[in-house]
Every structure is written in structure tokens, then in C-alpha cells.
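Today I'm opening a new model and jotting down what I look up. Let me get it on screen.

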Amino acid sequence: MDTTSQAPKGAIFYLKRITGLILLLALSATFFYSAYSKSGISFQGFHLVENDSSFDSFQWTFLDMGISSMLVAGIIARVMIGLELLLALFLLCHIFLKAFTYKAVIAILAIFIVYLLVILMKQGNSGNCGCFGNKLEMKPLTAIWKNLIMIGVTVLLMFIYPVKPYKYQEYLIFLISTVAFSIPFAVNFIFIGTNPDKYLKPLPLDLLYKYSPAPAEDLRTGKHIIAFMSLTCPHCRKAAYLLQIIHNEHPDIPMFIVLDGPETYKQKFFDETHAEHVPNLYYRHSLEFAQLAGSGVPAIFWVNNGIAEYKSTYAYYQLDPMYMEQWLKAPALQVPGH
């Protein structure tokens, strides 16, 4: 009688354990993939490829949330990736599951949901939320449902897979934490040279007013950040995307985009960059454009009374809103005749 009565309980116990292990591994794999997809590394065959732009896009989302420093946004982005790696490893290694890890998973997923709700209110349910970088595009509302399902799985695990801590787990915590938070900084070194390069050359901005249409404002006087971009240039699209983020959060920073290239690419450029709200001009005169932009694009100049005082040589990293605001407060250059 005792053996018969215990058999169903044993079957249920093992069923819970097997189901719990499968769900836990799936949860851990999701966090691993999420961290990997945002890290900026990728694989082509068996070859490791770095900097596929996913990390840049991820750190810029924190600028979009109001962080005013590229350096600070980059640090937060690396810490968030490290946190995802940490939770993935804690789940995989069964580190204090019920006492800490399950609760931490629910907390971080709840924070992600709040972040996605902010994106949903600001941009609507369009575009890629960036939860899996550029490797798996997902709209904000879909990502919210994904996180709610993951929370539900975690709550279920708390009941069916409450594995007790094993000996010496506390010694693994330091090792796992060090690895998890070191990898994002090792893969993406922090670029601290966010200040633009000294340039101090006049720009022939009269060329912009030679034809119609022309810029509505006079870019030859005062301070302006003027970006010359090609509609077909992938680096230009990244820079334009970053400029529109800065423009939305800091509308007081005067910036202007001058575009060149086949007009058929214009709508695609704006669909991808959302930069149509930044003051811009589609300039159909390639020879004059080359005189203004120089040998390569994106060419981003910090113009002070017609003089290109600085140039963002490393376009994405040398567009720091904090430094832009400092530059705007500095005295304007005194140019004879102005």
C-alpha cells in the first residue's frame, strides 16, 4: 500500500523537476541571447566579428531616455548587458534560485517592461525596441508580452523548481559576477575621446544659399552643428539616428543636416533614422556638396560664425550632448565682417 501510494508522488516530483529544468534552461538561454545580441559581437561561420552596431544602438537608447552624457550612457549600457549575463549564469549554475535569482529576474523584467512602456508612449508600437539588438527585431508591445511570459515562467519555477542552495555557492558568486560584468567592458572598450577634434577652417556656407530651396535659417552666423550626409551611406544613417535622439532630448542645440544622393533613397533614410524632425535640406548639387563636406561623409562640423571650429571625426562617439551644451555657452568667434 505504501509503495503504491508513493508512486504517483514520485512521478509528479520528477515531472516537475524535468519541466522546471527545461524552463530554467530556456530562461537562461533567453538572457544569454539578449546580452549577446546587444553586445556588438557576431559570428560569421566560426569567425568572431566585433562591433556590428548593435551596441551603439543600445547605448543610444539611454540618451533617448534623458541621459545627457555619451560616456554615462555607455557605462549604463555595459552594466545592463552585464546584468543579463549575470542572471543567465546564476540560472544556469543554480545560484540561490529561490532566495535571490528568481526575484532578481522578476525585478529586471519589470524594469524592462516600464522602459518599453515609455518607448511605446513616445514612439508608438513601431520600429525595433532593441531587446535583441539588430539580430531579432521586435516591436515594443511584442517585447512587453515576451517579458510578461518570462515573468510567468519565473513565478512557476519558484513553485516547481525551488532547488536548495548547494555548498560553497557563495564562492561562485564573486567569480560569476566578475566575469559577467567584465565581458561587456572587454568587448566594447569605453571611448573616452568624446570631444570633437579642433578644425578651425572656414566653410563656404554661401553655397547652401546659391540655389533654391535654401536653409530657412542663416547657418553662416552663430553656432550650429552641421552634418553633411549621403542618403546611401550606412555610417551616415547611424549618425543621423543619433542626432535625432539628441535633437529630441535637447531641442536647444542648433543642428542641421545637409543630404546628398539619389532622391529615391530619401524616404528609406528617414524611415530608418527618424531624423526628419531635425532641420534638414536635400541638396541636389553634388560638386558644391563635395566642397562643403570634404573627402568623406558623414562630415559633422561644429560651426561658429562660419568657421568650422571643431569636426566630429569619429562621428558617433564625438556627438556628446553634454559637450555640445558646453560649447554653446562658450564665447562665439569674432569674424571680421560679421
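My notes start with the ground rules, then go to the cores and the sheet.

**Ground rules.** I'm working with a predicted model, where local features need pLDDT of at least 70 and side-chain atom pairs count only at pLDDT 80 or more, while totals for chains, interfaces and linings use all residues. Residues are numbered from 1 along each chain as its sequence is written, and side-chain values use heavy atoms, with hydrogens and water left out.

**Cores.** I found 79 residues in it, and F31 and M229 have the most contacts inside. Helix α3 (70-92) gives the most to this core, twelve residues; helices here are DSSP runs of H or I, at least four residues, and strands are E runs of at least two.

Which residues does F31 touch? I get E84, L87, A88, L91, V105, I108, L109 and M150, leaving out residues up to four places away in sequence; a contact is heavy atoms within 4.5 Å. I also noted a second, separate core of 18 residues, with L208 and F256 among them.

**Sheet.** I traced an open sheet of six strands, β3-β8-β7-β4-β5-β6, with mixed pairing (to pair, two strands need at least two DSSP bridges). Its edges are β3 (197-202) and β6 (280-282), each pairing on one side only.

I then checked β4 (223-230) and β7 (299-304): they run antiparallel, joined by six bridges. K223 has N304 in β7 as its bridge partner.

Terms used
A nonpolar core is a set of buried Ala, Val, Leu, Ile, Met, Phe, Trp, Tyr and Cys residues joined through side-chain atoms within 4.5 Å. Buried means under 20% relative accessible area, exposed over 50%, partly exposed in between (1.4 Å probe, protein chains only).
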